[in-house]
Amino acid sequence: MDVKDQLVEQQAKNPSSKKALIGVVSNASRHIPKLKGWAFFVILPLFFLVVYYLFWVSERYVSSAQLIVKDSTSSQATSPALGLLIPGMGADTQDAFLVVNYIHSLDMALYLDKQLKLSEYYKSTRYDFFSRLSPDATQEEYLEYYRDHIGIGHDEATGIITIEMQAFDPAFAKLLSETVIQKSEDFVNAISNQLADKQVAFVKSEVDLAQGKLRTTKQQILDFQNSHKVISPEELTKGISTIIQGLESRLAEQRAQLTAAKTYLNADSSQIVSMQADIAALESQIELEKVRLVGIGEEEGEQKLNSLSAHFQNLELDLQFATDAYAASLKALEAARMEASGKLKHLLVVTQPSLAEEAEYPHKLYNLASIAIILLMLYGIGKMLVVTIREHRM
């Protein structure tokens with residue numbers, strides 16, 4: 001005898017309970033659609049999600065590392081320990097953000113694809129359909145997938161950069177992290193070397209200019225000496241002046257002797273004539289030396305010795321200035337090299353990439369609980385809408 005026959009028999013025996021039974025059956029019939037809706041909108045999706053997370057999902061492992069950008073000058077002002085402990089005294093924030101942006105960049109993604117075939121790894125059919133990258137994914141989709149599977153944080157107080165590289169197996173995650181660190185270090189070195197090279201190149205160009213001017217000035221002095229057949233007009237002027245002074249001194253003595261001799265000798269005596277000849281020779285020689293001093297000759301275009309001396313002094317001043325400028329530029333070049341080497345950036349590894357032992361993603365319990373709450377909320381909202389519509393129709 002089934003349930004229906006039992007209910008009919010019970011009603012025949014007790015007609016007064018007929019209304020109560022009708023109420024029970026009607027209430028049960030009302031709850032059945034509710035249970036079917038609950039199962040369809042909440043229980044069934046959760047069941048499939050549980051099956052997916054337990055038996056099909058591809059777990060992802062994380063390899064984390066910590067980096068910091070430092071330069072040589074920062075260690076002169078404060079010690080590295082204080083730079084890590086005192087807020088605002090760590091590595092330059094701009095350099096750290098530059099490294100963070102580079103790790104997120106398309107250049108890094110393409111480099112990893114070239115070195116490790118990262119896009120093929122992401123597209124591998126060994127991993128579940130919902131976790132892997134689409135086989136026909138574009139470059140932009142690959143970049144977005146790459147960014148979704150890395151985590152980068154920067155602590156502005158200490159300047160430490162934390163990177164987390166995700167992969168479907170721990171060994172590849174560690175390899176990925178090591179490759180990113182190596183490429184980031186090359187990037188930092190390239191940028192700092194480029195800036196240092198530009199600074200040194202500018203100072204070196206100034207050194208080349210000063211050296212060229214020094215050589216030009218030296219050549220001008222050589223050309224002057226060769227054209228006028230004079231090593232130093234100033235020294236020559238001093239020598240001629242000394243000779244003229246000596247000749248004038250002898251001339252004065254000779255004239256004094258002649259005056260004394262005329263007091264006791266005849267004017268036509270041989271001794272007087274000899275003295276007069278010596279005096280004339282001295283006067284002639286003095287005139288010749290004066291001509292050498294004030295003018296080399298009477299030919300057109302020849303210059304006076306004093307003018308040549310003034311010109312030569314100007315050339316010597318130019319040579320001294322060029323020599324001092326060249327020496328100063330050499331000192332500036334050495335200082336620029338020292339300063340540039342002191343400002344070179346270095347990417348230091350604070351903690352080495354780790355090798356994960358347990359999968360970190362996806363967070364199964366968290367995701368299931370979140371989805372369950374969302375489904376319940378959606379189901380409740382939908383139920384309220386249905387009830388509201390029915391009440392308005394009634």
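Asp136 counts as exposed, at 62% relative accessibility, where exposed means over 50% relative accessible area, buried under 20% and partly exposed in between (1.4 Å probe, protein chains only). The model is predicted: local features need pLDDT of at least 70, side-chain atom pairs count only at pLDDT 80 or more, and totals for chains, interfaces and linings use all residues. Residues are numbered from 1 along each chain as its sequence is written, and side-chain values use heavy atoms, with hydrogens and water left out.

**Surface patches**

- Asp136 sits in the loop between α7 (118-123) and α8 (139-148); helices (H or I, at least four residues) are DSSP runs numbered from the N terminus.
- Together with Glu140, Glu141, Glu144 and Asp148, Asp136 forms a negative surface patch.
- Patch members have over 30% relative accessible area and no salt bridge, with like charges joined within 9 Å and nonpolar side chains (Val, Leu, Ile, Met, Phe, Trp, Tyr) within 5 Å.
- Asp and Glu count as negative and Lys and Arg as positive, while His and the chain ends are not counted; the place of a charge is NZ of Lys, CZ of Arg, CG of Asp or CD of Glu.
- A nonpolar surface patch comprises Phe40, Phe41, Leu44, Phe47, Phe48, Val50, Val51, Leu54, Phe55, Trp56, Phe129 and Phe130, with about 1300 Å² of accessible area together; areas follow the Shrake-Rupley method with a 1.4 Å probe, and for residues only the protein chains shown count as cover.
- One of these residues, Phe47, belongs to helix α2 (residues 18-55).

**The buried charge of Asp128**

- Asp128 also lies in the loop between α7 and α8.
- Asp128 is buried yet has no salt bridge, and the nearest side chain of opposite charge, Arg132, is 6.5 Å away; a salt bridge requires a side-chain nitrogen of Lys or Arg within 4 Å of a carboxyl oxygen of Asp or Glu.
- The Asp128 side chain reaches the backbone nitrogen of Ser58 at 2.7 Å.
- A polar contact (2.5 Å) links the side chains of Asp128 and Ser131; such a contact is a pair of N or O atoms within 3.5 Å, where within protein one must be able to donate a hydrogen and the other to accept it, and residues adjacent in sequence count only if both atoms are side-chain atoms.

**Pairs separated in sequence**

- Pro45, in helix α2, is partly exposed at 25%.
- Pro45 and Leu375 are 330 residues apart in sequence and 8.5 Å apart in space, C-alpha to C-alpha.

Terms used:
Helices (H or I, at least four residues) and strands (E, at least two) are DSSP runs, numbered from the N terminus.
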